[in-house]
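I went through the charged side chains and noted which ones pair.

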Amino acid sequence: MTHTTGGPRPQAGPPSSAAPLAGHQLPVPARADGVQLIGRSQGSGYREPPSLVRRGDGQTLQLTPLLFAVLEAVDGSRTVEDIAEHASAASGRLISANNVRTLMDSQLLPLGLLRLADGTQPEVRKADPLLGMRFRYTVTDPERTRRITAPFAVLFHPLIVVGVTAAFLASCWWVLMVKGLGSATHQAFDNPVLLLLILAVTILSAGFHEFGHAAAARKGGATPGAMGTGLYLIWPAFFTDVTDSYRLGRGGRLRTDLGGLYFNAIVAVAIMALWWATGFDALLLVVVTQILQMVRQLLPLVRFDGYHILADATGVPDLFQRIKPVLLGLLPWRWGRPENKVLKPWARAVVTLWVLVTVPLLIFSLAMMVVSLPRLLATAWGSGAKQQAMLNQSLSDGDLAGAAVRALAIAAVALPTVGMLYILFRLLRQLVTGLWQKTRGRFVQRTAAMGAVAALLAGLAWAWWPDGGTYRPVQPYERGTLADASASILPMAGTALREGGSGRTVALWPAGAATPTRENPQLAMVLVPVQGSTAGSSAGSPAGSAAGSGNLAAPSWVFPFDRPAAPREGGNQALAVNTTDGSVTYSVAFALVWAEDGEPVDTRNEAYAFASCAGCAAVAVGFQVVLIVGQADVIVPENLSAVANYNCFECLTYALASQLVLTLDGPLTDDSMASLQALWAEIAEYGRNIRNVPLSDIQGRLAAYKEQITAIIRADAGAANNPSSGTSASTGTPGGTPAATTPGEPGLPAPGPSAPGSGTGAEAPAPAGTAVPTVPAIQPAPGDAPPSYIPVETPVPTADTGGTAPAVEPQPTANPS
């Protein structure tokens, strides 16, 4: 929420386009209805202070003393000659009747301050600046505003002001530096009702902020006008018309400007008292929202409180109208001109400094808005879709408070987006309209101007054209620098690194480790894509101790973390890395491992899926069965899976690590070994064709195979009735459903439950890599101890990077990013 203090600020030029008449025909000139004479501006920063007059539509205008003297004399009873006599006496200059007619026809009539020649009211058009409030809706008329704000004027008693200010500063220090906001945030977001209450109090406090302006104006002797709401730039806003405060001196106007901030402080102190009485920590968030509102209101770049404070402190009512004169006055050949000396020296210095800071920042903000618009729209769309899904879920659960929070979240996302589009549309419309009017009657200039507009539109169409990642949502790991924002328009100007060149990228550093500095650098290596390389080809780590990487070239490593280490002896690893847009990469590693009596069991089963591409998928499946024959003192198997999407757009990463560890009292019988071999051959065939299996079915099928293996071991006469259980881990949702992790958040090992008579198993989705060569199974002879860690692995097809396999579709259990 924000506000605009007052209606329109005084204008230096005519805001209307009423056509002047060739000679005023009324024998007795009369003012237009509703015109109010405010008088000479108090505390003005002009060398010759202007006089202020307010039109019937609420627009306040600045007039020269001579024009004001003429308008003051137009009371509906004086003739032109009488008006000339009065203006001569007021200005100290000899003014003739013809001079008065000229001033009325060329100045006062176009400004809409006089009735027309036929006695009717003039048609005026209110000023509509780009940085003004839109879609105004009046809530209270001036009379009601004066009535409801009158009791609050007492709050500006000096003793009350000092007490509230001291209490507010103490509250800010205690909340931000002593208490903290951890418990308040947890309590508020854990209960949607409290969150709605905080939001409601924040909105009401924004309206109470406007009471502060109106009450401060009354305290100084001015009369506040209407109050209402509207849209300022991209924010919903309240407003109060306190234009009448220009009757006051500089101190009274500054009190009016600061009144809203003072009432924010009153709200914060009242909330602290309520917290003291109730103990609800969530209320402390309201104190923070008041502080944030006050900080934002103090920005003098746009028409917030800080802008009006600066304007009234310098005595220059409308700073934006001084931008063009100040910039022109900086040109060397315009130095010394009279128009550069209309302000007092100190006021001119302050206004010039404000212009030199504000104009570049506004231009920069506009440029960033244009450049970042596609990605901001995509981010807003993605956020809105998530909130919509949560809204539907809340409605289906009957959680009305949660549904209200989601609805407000959708509005909070939509309003700034709509406001941003509206600002760009109005700016473009004003540009085209202004150029069209200024080139009226000049064909060559108009053609050149419209050609420039057409070139501008063509550039915007090129920059905003949907192409690759143009409409890619902003990711949490992005820094949001200017280079990041411009990368969608000029990709090579972004964060892309070039071979032999330097650049900046995101780096992950171990917690607690000393980071490198210029004085103490540390050795590092960054792999960057090279044109013509096989980046994006399927690649994977070996599966098992004897697995190779195949004949495919590994894709470039573009991720901001290290590549997983190669598997240890007896280990099993599936690593899928995809950096090619529109492709699918698989990596499958199946292994059957035997451990002899007394051998420590620390084998590791891993599945990793990493993707950095658009419209792509990476799938990794690691399946390992460990059979321990006899006694083992150390059984610490590991089952790991991780997925990461980096700079991904509509991509899918899926990693599944499934491990089964069983302990046998002795070797299997011939029948049991034959059954196991037959089952493993079936599992191997399944692995060879796994790319044709829907992702949602893989975990269930592997779990069924583990049950069959366990059943064979249990049925064997030489197997133990209660095999010892190992450990397992999975990356997945509760209930064993696999789910991909977010970038930078790999799946972590977690102990899995053990069924009686079986080892432990774990499953987790992960990316795909290269094919795994076949290693023939070595069967232990009956009565002999089986060899240690002999992997039996399935051959898998070479990963296909040329197209999309039907089986790889975003499943409910996966996490498309």
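I looked up Arg604 and found it partly exposed at 26% relative accessibility; the classes are buried under 20% relative accessible area, exposed over 50% and partly exposed in between, with a 1.4 Å probe and protein chains only. Arg604 forms a salt bridge with Glu606, their closest N and O atoms lying 3.7 Å apart. I counted as a salt bridge a side-chain nitrogen of Lys or Arg within 4 Å of a carboxyl oxygen of Asp or Glu. Glu606 is buried, at 4%. Salt bridges with shared partners join Arg568, Arg604, Glu606 and Glu638 into one network.

The model is predicted: local features need pLDDT of at least 70, side-chain atom pairs count only at pLDDT 80 or more, and totals for chains, interfaces and linings use all residues. Residues are numbered from 1 along each chain as its sequence is written, and side-chain values use heavy atoms, without hydrogens and water.

Next I checked Asp281, which pairs with Lys179 in a salt bridge at 3.4 Å between the closest N and O atoms. Asp281 sits in the loop between helix H8 (250-278) and helix H9 (284-297), and Lys179 in helix H5 (residues 158-179), so the pair ties together parts 102 residues apart in sequence. Helices are DSSP runs (H or I, at least four residues), numbered from the N terminus. Asp281 is buried at 13%, while Lys179 is partly exposed at 32%.

Last, I looked at Glu143, which bridges to Arg146 at 3.3 Å. Both are in helix H4 (residues 142-149), three residues or about one helical turn apart. Glu143 is partly exposed at 46%, and Arg146 is partly exposed at 24%.

My total for the structure is eleven salt bridges.

Note on methods: Helices (H or I, at least four residues) and strands (E, at least two) are DSSP runs, numbered from the N terminus.
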